[in-house]
Amino acid sequence: MKITLHSSMCVASGNCGFVAPEVFSNPEDNFGFAQLDDPAPPETQHEAVRSAEYLCPSKAIQVDENDVPAGDQSR
Ligand code: SF4
């Protein structure tokens with residue numbers, strides 16, 4: 001899984017950091033706009049990431065299920 005965050009589309013709803021806090025955060029010093037902390041998270045985070053993608057009101061989160069980082073087949 002590979003995640004792309006289109007920051008310019010983010011409306012700072014905070015949904016992503018709420019449902020997938022290991023992957024996204026919404027720092028107060030960035031006015032709650034999303035920050036992608038782990039662009040290629042482990043399997044344990046995939047369900048939460050899919051929820052974040054689904055719940056993002058501006059479709060700023062793009063998830064590529066098939067993009068596996070080179071040398072890491074466990075993700
Ligand atoms: S859910 Fe979408 S709009 Fe809301 S903070 Fe995350 S990326 Fe931004």
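A: Helices (H or I, at least four residues) and strands (E, at least two) are DSSP runs, numbered from the N terminus. The protein chain has 2 helices and 4 strands, and read from the N terminus their order is β-α-β-β-α-β. The model is predicted, with local features needing pLDDT of at least 70 and side-chain atom pairs counting only at pLDDT 80 or more, while totals for chains, interfaces and linings use all residues. Residue numbers start from 1 along each chain as its sequence is written.

Now the ligand. A residue is near a molecule if its C-beta atom, placed from the backbone, lies within 6 Å of it. The ligand is surrounded by 14 residues, and the closest are Cys 10, Ser 13, Cys 16, Ala 34 and Cys 56. For the classes, Ala, Val, Leu, Ile, Met, Phe, Trp, Tyr, Cys and Pro count as nonpolar, Asp, Glu, Lys and Arg as charged, and the others, Gly among them, as polar. The shell around the ligand holds 9 nonpolar and 5 polar residues, with no charged ones.

Cys 16 also belongs to the largest nonpolar core. Such a core is a set of buried Ala, Val, Leu, Ile, Met, Phe, Trp, Tyr and Cys residues joined through C-beta atoms within 7 Å. Buried means that 20 or more other C-beta atoms lie within 10 Å of the residue's own; with 12 or fewer it is exposed, and in between partly exposed. This core has 14 residues, and Cys 16, Ala 52 and Ile 61 have the most contacts inside it. β1 (2-5) and α2 (46-55) each supply at least two of its residues.

Two residues are in contact if their C-beta atoms, placed from the backbone, lie within 7 Å. Leaving out residues up to four places away in sequence, Cys 16 touches Phe 24, Ala 34, Ala 52, Cys 56 and Ile 61.

Leu 55 is part of helix α2. Leu 55 counts as partly exposed because it has 14 C-beta neighbours inside 10 Å.

Ala 12 sits between β1 and α1 (15-19). Ala 12 is not a glycine, yet it has a positive phi of about 60 degrees. Most residues other than glycine have a negative phi.
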